[in-house]
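User: I am new to this structure and would like to understand the terms used to describe it. Please set each description against the cut-off behind it.

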Amino acid sequence: MKPKTYEEFEATLDQYALPSDWSEPLKSLWFDAKGDWESSHDIAQEIGSPMGSWIHAYLHRKEGDKWNAKYWYGRAGKPFPEYSLEEELKVLVGANL
């Protein structure tokens, strides 16, 4: 079942398996929140939409690759964030609920 709030999303992080009925962006964010950057990135780079670009940007920002992150923020039509990675994850999850 798809979460309705960030708190519900967060409550799924102790599960071993990803809920299969979630959208690809939400799946990507779930893997990131669980500490699996690679799986999150693999999904994000296959999402051919501004949301996929935004998640991709966030992941490269998290990785510390500011140049690549800026490129993907541009593709997403988003400015480079002035807030924390933790806050951006919450914003991204909220945008996908």
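User: Why is Gly 77 called exposed?

Analyst: This is a predicted model, and the values given here are computed from it. Gly 77 has a relative accessibility of 63%. Exposed means over 50%, so Gly 77 counts as exposed.

User: What makes Lys 66 partly exposed?

Analyst: The relative accessible area of Lys 66 is 48%. Partly exposed covers the range between the buried limit of 20% and the exposed limit of 50%, so Lys 66 is placed in that class. Lys 66 belongs to helix α5. Lys 66 and Phe 80 are 14 residues apart in sequence, and their C-alpha atoms are 9.2 Å apart.

User: How do you know that Thr 12 is buried?

Analyst: Thr 12 has a relative accessible area of 9%. Buried means under 20%, therefore Thr 12 is buried. Thr 12 is found in the loop between α1 and α2. Leaving aside neighbours within four places in sequence, Thr 12 is in contact with Trp 22 and Trp 30.

User: What makes α2 mostly covered?

Analyst: Seven of the ten residues of α2 are buried. They are Pro 25, Leu 26, Lys 27, Ser 28, Leu 29, Trp 30 and Asp 32. These buried residues pack against α1, α3, α4 and α6. After α2 comes Gly 35, with a positive phi near 90°.

User: Why are α2 and α3 called roughly antiparallel?

Analyst: Their axes cross at roughly 165° and come within 7 Å. Angles over 145 degrees count as roughly antiparallel, and α2 and α3 are therefore roughly antiparallel to each other. The crossing of α2 with α3 is left-handed. On the α2 side the contact is made by Glu 24, Lys 27, Ser 28, Leu 29, Phe 31 and Asp 32, and on the α3 side by Trp 37, Ser 39, Ser 40, Ile 43 and Ala 44. By class, this contact of α2 with α3 has five nonpolar, three polar and three charged residues.

User: Why are α2 and α4 called roughly parallel?

Analyst: The axes of α2 and α4 cross at roughly 15° and come within 10 Å. Angles under 35 degrees count as roughly parallel, and α2 and α4 are therefore roughly parallel to each other. Their crossing is left-handed. Pro 25, Ser 28, Leu 29 and Asp 32 of α2 make the contact with Met 51, Ile 55, Tyr 58, Leu 59 and Lys 62 of α4. The residues of this contact of α2 with α4 comprise six nonpolar, one polar and two charged.

User: How do you know how α2 runs relative to α6?

Analyst: The axes of α2 and α6 come within 10 Å, and they cross at roughly 155°. As the limit for roughly antiparallel is over 145 degrees, that angle makes α2 roughly antiparallel to α6. The crossing of α2 and α6 is left-handed. Leu 26, Leu 29, Asp 32 and Ala 33 in α2 meet Leu 89, Leu 92 and Val 93 in α6. In the contact of α2 with α6, six residues are nonpolar, none is polar and one is charged.

User: What makes up the largest nonpolar core?

Analyst: A nonpolar core consists of buried nonpolar residues joined through side-chain atoms within 4.5 Å. The largest one here has 22 residues, and those with the most contacts inside it are Phe 9, Leu 29, Ile 55, Leu 92 and Val 93. The helices α1, α2, α3, α4, α5 and α6 each supply at least two residues of this core. The largest share, six residues, comes from α4.

User: Which residues does Phe 9 touch?

Analyst: Not counting residues up to four places away in sequence, Phe 9 touches Pro 3, Trp 22, Leu 26, Leu 29, Trp 30, Ala 33 and Val 93.

Terms used. Residues numbered from 1 in each chain as written. Predicted model: local features only at pLDDT ≥ 70, side-chain atom pairs only at ≥ 80, totals over all residues. Heavy atoms only, no water. Buried < 20%, exposed > 50% of the residue type's maximum accessible area, 1.4 Å probe, protein only. Helix = DSSP H or I, 4+ residues; strand = E, 2+ residues; numbered from the N terminus. Contact = heavy atoms within 4.5 Å. Axes fitted to C-alpha atoms, helices over the stretch in contact; angles between N-to-C directions. Parallel < 35°, antiparallel > 145°, perpendicular 65-115°, else oblique. Left-handed = near helix turned anticlockwise from the far one by under 90°. Nonpolar A, V, L, I, M, F, W, Y, C, P; charged D, E, K, R; others polar.
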